[in-house]
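Here is a short tour of the salt bridges in this structure. Have a look at the model first, and then we'll go through the pairs.

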Amino acid sequence: MNYRRILHGAKFWFWVALFVAYSAGAVGLVMIDTYEDRYRSLSKVQLTSVKAGADVRRAGASQVAAVYRAQSGMPFASLPAGSTFQVVWPDGSTETMVIMDPTSPLGAEPVKHSQVTAADVAR
């Protein structure tokens, strides 16, 4: 009787620990601040904000993602197709992007309704 209760408790806590570990791993969102030196001078990033056109933002985000990949420890595994990251543009506005094609110059797609202007960030 006591053995069953211990076994049941162990199973319960195993699943709780597994759920917590999975949740913590799934929440990890890469945040790239383009005000850093390595991103600030990129041609597609300098004047980009959430108010710019979609193609301009896609090009800037793709360029930022390429630099992030190149400087990471595992360049072929970081930001693969389907992954999301948040980009902070030089004016302070932010948006979330999804990598569609890591090899394309327009390979990042903005997530709808994820754009936050610099004025809204300051509040």
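A salt bridge here is a side-chain nitrogen of Lys or Arg within 4 Å of a carboxyl oxygen of Asp or Glu. Before the tour, note that this is a predicted model, where local features need pLDDT of at least 70, side-chain atom pairs count only at pLDDT 80 or more, and totals for chains, interfaces and linings use all residues. Residues are numbered from 1 along each chain as its sequence is written, and side-chain values use heavy atoms, with hydrogens and water left out.

How many salt bridges turn up in a search of the whole structure? The answer is five.

| Pair | N to O distance |
|---|---|
| E36 and R38 | 3.1 Å |
| R40 and D37 | 2.5 Å |
| E95 and R57 | 2.8 Å |

Now for the surroundings, where buried means under 20% relative accessible area, exposed over 50%, and partly exposed in between (1.4 Å probe, protein chains only). E36 is partly exposed at 34%, and R38 is also partly exposed, at 39%.

R40 and D37 sit three residues apart in helix 2 (residues 37-40), about one helical turn. Helices (H or I, at least four residues) and strands (E, at least two) are DSSP runs, numbered from the N terminus. R40 is partly exposed at 36%, while D37 is exposed at 62%.

What about E95 and R57, buried or exposed? Both are buried.

Finally, D55, R58 and E109 are joined in a network of salt bridges.
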